Structures are given as structure tokens and as C-alpha cells.
Amino acid sequence: MVNTVTPAGRPFVIASIMLATFMAAIEATIVATAMPTIVGQLGGFTYFSWVFSAYLLAQSTTTVIYGKLSDLFGRKPTLIVGIVLLLAGSLLCGFAWSMSSLIVFRLIQGLGAGAINPITMTITGDLYKLEERGRVQGIMASVWAISGVLGPLAGGLIVSHISWAWIFWINLPFGIVTIIGLLLFLHESVETHKARIDYTGAGLFSISIGSLLILLTESTKAGAGTLLLLIAVFATTGLLFLAHERRTPEPIVSIALWTRRLVATSNTANLLAGMALFGLTTVLPIYVQGVLGGSPVVAGLALAALIVGWPLSVMLSGRLYRSFGIQRTLRVGSVLFPLGAAFLLLLGPHSSPALAALGSFLMGSGMGVISITSIALVQDSVEWSMRGSATASLVFSRSLGSTIGATAMGTLLNIGITHYGTGELARRLHDLLNQPSGLARLAGDPSIRIVFDQALRWSFVGVVALAALTFVATWLIPVVKRSTPETSAGVQAPQAASH
């Protein structure tokens, strides 16, 4: 592949992929504020959660597939196809006439959104050397932080003053500008050969991972029969997928790539880090409100420290690489992650929310270093024709870890409530948690507050254990010492792709 993007054109490419990232990021938050209004007009409250699940399931299961397609056909056409699908789903969502139709259209949105995160990261790896990449990836990471803040606010303003349909249609102008920017400024020449798309592998992978994600998200609601069926589907299609991928000449997932030590350890570290980080976002806000007695705003600020730490550390990573080397930078990030998690164990009913915010900041900072360093190492270890697949494997691992982490922490919390609360206390606690103002009332009831504090500590211990495992996995990532940026073999690939 030859990339002919000039240095002057790179800012326009980055601006385009930032808009694409913004579309995918804001879709995960803007809908939440509008859902009560949408449900009120469309009905079908029982399908409420599937409006979110359909989008996330489709996005997660297609990430790896898009990574492979970008290696076969180029980043630009594959990303544009994903954006077009996202825009088509957004347009249709605004015309939804029932909750069922909205779920189907959200599924289409997710099918397009799955292309955005892995391919935008891969484009950054194509255009910039390792030492330059941290600054650019930090800017990209800040888009997620901004979207996390703007999404709920924009959603509330739109449903209050305009039609809820604009929750989805707001993507249309951004998407059109993004496509124009990619067409004008992202130039690549892909070696032409007759590529064979592994449709069978893609189908088996989607069914297997989709059933796993449904199993995880519905594990506390579905009956035993449904859970057993999902387990059987996951196991059967997973085994068939592995057997098929070993035989096909152009696999959608390269087993040889995923089993390389660098890729395997990086994926493991990102999976565990995703579990710990999303576990934290699941339990910390309810601890701040239910045990510390903080308001929703205070709880949000405690968690926002994580969102600040992540892009900040990513932006600083390039400078850290040059000053201390990539290996030492990775080691420092791996220490910050469990160190931040350990602050959770210091929390008590009379602690300050600032202590929770400090732990969040350190975990976010550690995650930023781990994520950008593992992505940089993996991208620089493979040739252009495998970089999309390699990047997508990391994005997928972190996404899967997030789903598992949220489920695991919720399970630990329920076990803790059952263990520490008598039948009556446990019942009262569950009743309060199911009420809109329940957390505020919970903080004022000493007996229930103590049970909730003790139960949440089980989840905190789980987060700390996962952070410690992430630390171990990170130290297993092989890092080749590089002499100078100019002569290092690890930078040869991105330099060649950049000029």
C-alpha cells in the first residue's frame, strides 16, 4: 500500500476522523437522556434496554470484521461504508414508528459504528511515527471525553425544544462533512488482487460473539433455559469458527496473528483493563451517592476524573517515549492502574469524594498509557496489510472486557448484598435501588447504608484484582529496545506509510 497524504493534508484527515469518532461516541450517550420521551411516544417500555444493547452488540461484533476489510480494500472505502451505514441507521431511527422498528434501526447504526473506532486508530498508525502518535491519539481520546459531557446535555436540549428525531438526525451533517473530508484528503493506493471475503467466518464470528454478549448482558434477567441455549450457541459457533479459520486461505480473523506473543499479551491486558475500568464506572457513581451521600453531579465529577486522566496521559505519551523510552513508559502506566484502584479500598462512609476522584484519575491515566502504548507496539510490529486487523483485535478485546466487567461487578454487588444483609435489609435495599431517588434516601438510612458499603467493597476488591492482573499482563508484553527513532525497525512501517 502507498499512502500519499502530505504533511499539510494530515490535519484535515485527522479532523475528518475526529468527526467520525464524535458520531460514534455521542450515539452512546445522547440517546440516554431522550429515552423517556421516546418511550412515552412509541410505547414498549419492556424493550427499553434493547435500544442500547442492539447498537452496542452490532458495534462490538463487527469491529474485527471491519479491521480485516480495511486491510483488504483500504481504510478509506471501508470507513466510508461504515459511516454510510451509520447515517442510514440514524436517518431511519428518526422515522421509527415503534420500539421494535427503533431497535432494528439502532442495529443498523451499530453495524456502521463498528468500523469507526478501529479504522480511525489504524489511519493514525498509518500516518504518524510512534513518537508523534501519542499527541494525535490524545486528541482522538479527548473526543470521547467531550462526547460524554455533551451527549446527555444535547439530548436534554433537543427533546425539550425540538423533536426527539433530531437525537439521531444530528449525525447527518457531521457524517456528510466527514465523507467529503476523507474523499478530498485521504489518498491511498491499495495493491490490487482478487480478495476473497471470508463470509462464513464473519457469520460464525458474529453469531458466536453476539450470543456471548447477549448472555452477559441478560444473565440476571433470562431464565435457565435461555441461558443454556445461549451458551450452546456460543460454544458451537465458536468451535466451528476456529476450525473454519484454520482452513480458509483469507481468514476474517488470523489465528496466527492473534497468537503472536505481542498481540496476545496486548489483547489480554486490554481485556482485563476494560473489565476493571468499566467495572469502576458501574459501581463508583452509586457508591458516591448511596454511601458517601454525594449528589449525582458530585458522583459524575468523581468519575469525570477518569475521563480527564485518559486523554491527558495519551497526549503526554509521545514526550514520555522520548524522555524515558517506551518500555519504562509502559511500566509506569501499568503501576498507575492498580495504584488508582487501590484507593477504592480506602473509601469508607465518611470519606471525601475527592479520594474517589483521585483513584479514578490514576486509573484513567494508567489506562491511557497502557492503551496507546499497546496499540503503538502492535501497529508497528505488523505490515500495513495486517495493521487494521491487529488494531481491531485490541479495540474488540477492550470492548468485550467492558461488557464482562459490568456484568461481573453487578454480580459481585448482588452477592455482597445477599451476604451482608438479612432478608428484610436486603429487600429494603433492593427496593430503594429500584426507585429514582432511592440512592439519596439510602445514604440517610444507617443500617442499609452499612450493608451497601460492605457489599460494594466486594466489587471494589474485584476491580483491584482485575487491575493487578492487568499489571501482570502488561509486564508480559514484549518490548524491543529501540536505539533511535530514525534507525528503529519498529518505526520503519509507519514512516513508509506516511510518505
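So, is serine 266 buried or exposed? It's buried, with a relative accessible area of 0%; buried means under 20%, exposed over 50%, and partly exposed in between, using a 1.4 Å probe and protein chains only.

Quick housekeeping. This is a predicted model, where local features need pLDDT of at least 70, side-chain atom pairs count only at pLDDT 80 or more, and totals for chains, interfaces and linings use all residues. Residues are numbered from 1 along each chain as its sequence is written, and side-chain values use heavy atoms, leaving out hydrogens and water.

About that pLDDT: it's the predictor's confidence in each residue, from 0 to 100. Our chain has a mean of 82, and 88% of its residues reach 70 or more.

Back to serine 266, which sits in helix α12, residues 261–290. Helices here are DSSP runs (H or I, at least four residues), numbered from the N terminus. Skipping its neighbours within four places in sequence, serine 266 is in contact (heavy atoms within 4.5 Å) with Ser374, Val378, Leu394 and Ile477.

Last stop: isoleucine 146, in helix α6, residues 130–161. Why does isoleucine 146 count as partly exposed? Because its relative accessibility is 45%. Thanks, everyone!

Definitions and conventions. Helices (H or I, at least four residues) and strands (E, at least two) are DSSP runs, numbered from the N terminus.
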